[in-house]
Amino acid sequence: ECFKKYVKTILTRYKGMVKYWLTFNEINCITSLPYYAAGVVIRSEEERLQQIYTAVHHELVASAWAVKIAHEIDKNNMVGCMLAAGVTYPYRCAPEDVWLAHASGRGKFFFSDVLVRGEYPEYKLKEFERIGFDIPFFKEDKEVLKNHTVDFISFSYYSSQLVCADQNVIAEKAEGNVFPTLRNPYLKEKDTAWKWQIDALGLRTTLNQFYERYQKPLFIAENGVGGIDTLENGRVHDEYHIHYLREHIKAMKDAITLDGVDLMGYTSWGCIDLVSASTGQMKKRYGYIYVDVHDDFSGTLARYPKKSFWWYQKVIATNGESLNDI
């Protein structure tokens, strides 16, 4: 009830000024990062899944209520869900690896399955049956979920994932992101301390997976890369940042022009340097604007546009048509 009141207050205040809305940021992160994503404190490992999925259910229903309220306040409002996304590859062509990659993907799609289709998918109901979890349906929950599905799907994409079913052939783990994954030997690493694996084609694959599954408009809400930037005479030359974004924008354009994906928009992560959520560090910088502050709190807090700032300014002005270096 408090969330419904909050939604009504915000949507009323910004009626006519804001058209596009997201309900919960990276809603699927709750299953792996329950406190970080939803403030859920696990009482005991025995109750972990029951606690998490109870919170998940209430978030899914709350999101559906937000859609209902938004449409009642202004029929022009469009409300979307937001997921942490990325294609998952099998490490080998072994059927067990292919199945594990499929199951990993379903773990993310579960949230959008409910929010887009309005009901729990059979595969999740079977899982709940195995773990002995009863969905805490209130009297209006099923009706609200079914009749107030999202208008579009948004997601964050940073990199792809790799899984293997055989513990004896597990490869080295890749670094640099919140979600653990194996190192993909077919992907090049970014030349920074975090050895992030770059996979622009994985973004195109992810876009196609969502669109083929739901035929709903898509929105890339986050996409970026963090690295170590050096301020020299008031300038930051972050060519790695430009390269990452250029390749991902190309992949996005291929998904639109070659595959027919309905992509509403794109917002990169991010505008200005801030503390990285994955490492808790300031030196892992994502922004177009350099902030002179460091992990030990030293610095002037002065702000400096990086080379990527001027490059992305041109990208925006041409709606992604001009991707050449400045």
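Predicted model: local features only at pLDDT ≥ 70, side-chain atom pairs only at ≥ 80, totals over all residues.
A crossing of two helices is called right-handed if the near helix is turned clockwise from the far one by less than a right angle, and left-handed if anticlockwise. Two packed helices are described by the angle between their axes and the distance between the axes.

Helix 1 (residues 2-13) crosses helix 3 in the right-handed sense. The two pack at an angle of about 35°, and their axes lie 10 Å apart. From helix 1, the contact draws on Phe-3, Lys-4, Val-7, Lys-8, Leu-11 and Thr-12, while helix 3 contributes Ala-62, Trp-65, Ala-66, Ile-69, Ala-70 and Ile-73. By type, the residues of this contact comprise 9 nonpolar, 1 polar and 2 charged.

Helix 3 also meets helix 5 (residues 122-131), with axes that come within 11 Å and cross at roughly 145°. This crossing is left-handed. Leu-49, Gln-50 and Tyr-53 of helix 3 make the contact with Lys-124, Glu-127, Phe-128 and Ile-131 of helix 5. Here the residues divide into 4 nonpolar, 1 polar and 2 charged.

Tyr-123, Lys-124 and Phe-128 are its buried residues. Viewed down the helix axis, the buried residues of helix 5 fall within an arc of 140°, so they line one face of the helix. Helix 3, helix 4 (95-117) and helix 7 (200-214) are among the elements that cover them. On the other side of helix 5, Glu-122, Glu-129 and Arg-130 are exposed. Just after the helix comes Gly-132, with a positive phi of about 75°.

In soluble globular proteins, nonpolar side chains tend to be buried together. The largest nonpolar core in this model holds 68 residues, and the members that touch the most others are Leu-60, Phe-110, Phe-155, Leu-207 and Phe-210. Helix 3 (residues 48-73) supplies the largest share of this core, 14 residues. What surrounds Phe-155? Beyond its neighbours within four places in sequence, Phe-155 is in contact with Met-82, Leu-83, Ala-85, Leu-203, Thr-206, Leu-207, Phe-210, Phe-219, Ile-220, Ala-221 and Glu-222.

The loop between helix 4 and helix 5 contains Gly-118. Gly-118 counts as buried because its relative accessibility is 4%, against a cut-off of under 20%. Residues up to four places away in sequence aside, Gly-118 touches Asp-113, Leu-145, Lys-146 and Thr-149. Between Gly-118 and Glu-232 there are 53 Å from C-alpha to C-alpha, with the two 114 residues apart in sequence.

Some backbone details also deserve attention. Most residues other than glycine have a negative phi, and most peptide bonds are trans. Glu-26, although not a glycine, has a positive phi of about 45°. Glu-26 sits in the loop between strand 1 (20-22) and helix 2 (34-38). Is Glu-26 buried or exposed? With a relative accessible area of 12%, Glu-26 is buried. Leu-301, likewise not a glycine, has a positive phi of about 70°. The loop that holds Leu-301 runs between strand 10 and strand 11 (303-305). Leu-301 is exposed, at a relative accessible area of 54%. Finally, the peptide bond that joins Trp-269 and Gly-270 is cis, with omega about -5°. Gly-270 belongs to the loop between strand 9 (263-266) and strand 10 (289-291).

How values were computed: Residues numbered from 1 in each chain as written. Heavy atoms only, no water. Core = buried A, V, L, I, M, F, W, Y, C linked by side-chain atoms within 4.5 Å. Buried < 20%, exposed > 50% of the residue type's maximum accessible area, 1.4 Å probe, protein only. Helix = DSSP H or I, 4+ residues; strand = E, 2+ residues; numbered from the N terminus. Contact = heavy atoms within 4.5 Å. Axes fitted to C-alpha atoms, helices over the stretch in contact; angles between N-to-C directions. Nonpolar A, V, L, I, M, F, W, Y, C, P; charged D, E, K, R; others polar. Arc of directions from axis to C-beta.
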